[in-house]
Amino acid sequence: MALQRRPMRPPRVVEEPYRINGRIQARQVRVVGENVEQGIYEIQQALALAQAQNLDLVEISPNAVPPVCRIVDYSKFKYEQKKKQKEIKAKAQKVVIKEIRFGPNTDDHDFEFKLKHAISFLKEGSKVKAYVQFVGRSIVFKERGFELLARFAKGLEDIGKVEAEPKLEGKRMIMFLAPKVLTPKK
């Protein structure tokens, strides 16, 4: 019995984000980089300048007229671009949402306890999703849910602002609170 082989896949071609050297299609380019006199050059002249320094001609801004190219070591350039992207991603603020659950018959002590937790969540910069969970026939007490969430928002008005008013979704009445941006006093 002969083994059947699967057809070979063509090798994966990685799409380069920048055009380099011979892939640049413009006739004239603006050349920038270290150890290079900046200016507008014919493409062959710019490639010769790059080859003389054993570097690559990389098209940085293809939409400019003429396109802007930099003479640089391409692998080093790509590494630095990835590093910049990682830094930007790390600096992006991640929104954390903390949930606080109530019942329509939540007692005062439980309410105060959950209010303290919400205050600490807002102080650390997290958003708070407060909701009243209606179980079984307790859905007939919708007004209690509104009152509870209104009281909760009133207790947090110094450090938080209501981002989404209480609304009923299925058996849950949901309200979102975000931390207030405190302006420093002069």
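Me: For contacts between residues at least 6 apart in sequence, what share join residues at least 24 apart?
Reply: In this chain, 54% of those contacts join residues at least 24 apart. Keep in mind that the model is predicted.

Me: How many helices and strands does the chain have?
Reply: There are 4 helices and 8 strands. Starting at the N terminus, the elements run β-β-α-β-β-α-β-α-β-α-β-β.

Me: What's the radius of gyration, and what would a compact globule have?
Reply: The chain has 31 Å, whereas a compact globule of 186 residues would be near 16 Å. Along the principal axes, the C-alpha atoms fill a box of roughly 80 × 80 × 25 Å.

Me: And how much of the chain is buried?
Reply: Buried residues account for 30% of the 186. The accessible surface is about 14,400 Å², and carbon and sulfur atoms supply 52% of that surface.

Me: Switching to the sheet of 4 strands. What order are they in?
Reply: The order is E5-E6-E8-E7, in an open sheet with mixed pairing. Strand E5 (97-102) and strand E7 (160-169) are at the edges; each has a single partner strand, so one side of each has no neighbour in the sheet. From one strand to the next, the twist averages 20 degrees.

Me: How do E6 and E8 pair?
Reply: Strand E6 (residues 127-133) and strand E8 (residues 172-179) run antiparallel to each other, with 6 bridges between them.

Me: Which strands does helix H3 touch?
Reply: Helix H3 (residues 108-123) packs on the sheet and touches E5, E6, E7 and E8. The direction of H3 makes about 170 degrees with that of E5.

Me: What about H4?
Reply: Helix H4 (residues 142-155) also packs on the sheet, in contact with E5, E6, E7 and E8. The direction of H4 is at about 10 degrees to that of E8.

Me: Lys123 next. Buried or exposed?
Reply: Lys123 has 65% relative accessibility, so it counts as exposed, the cut-off being over 50%. Lys123 is part of helix H3.

Me: How far is Lys123 from Ile159?
Reply: Their C-alpha atoms are 7.4 Å apart, although the two residues are separated by 36 residues along the chain.

Me: Last topic: what does UniProt place at residues 20-87?
Reply: The unreviewed UniProt entry lists a domain there, "Translation initiation factor 3 N-terminal". In the model that span is 35% helix and 31% strand, and its end C-alpha atoms lie 25 Å apart.

Definitions and conventions
Residues numbered from 1 in each chain as written. Predicted model: local features only at pLDDT ≥ 70, side-chain atom pairs only at ≥ 80, totals over all residues. Heavy atoms only, no water. UniProt positions renumbered as here; feature names shortened; annotations may be inferred. Helix = DSSP H or I, 4+ residues; strand = E, 2+ residues; numbered from the N terminus. Pairing = 2+ DSSP bridges. Axes fitted to C-alpha atoms, helices over the stretch in contact; angles between N-to-C directions. Contact = heavy atoms within 4.5 Å. Buried < 20%, exposed > 50% of the residue type's maximum accessible area, 1.4 Å probe, protein only. Rg over C-alpha atoms; globule rule 2.2 N^0.38 Å. Areas by Shrake-Rupley, 256 points an atom, 1.4 Å probe, with all protein chains shown as cover.
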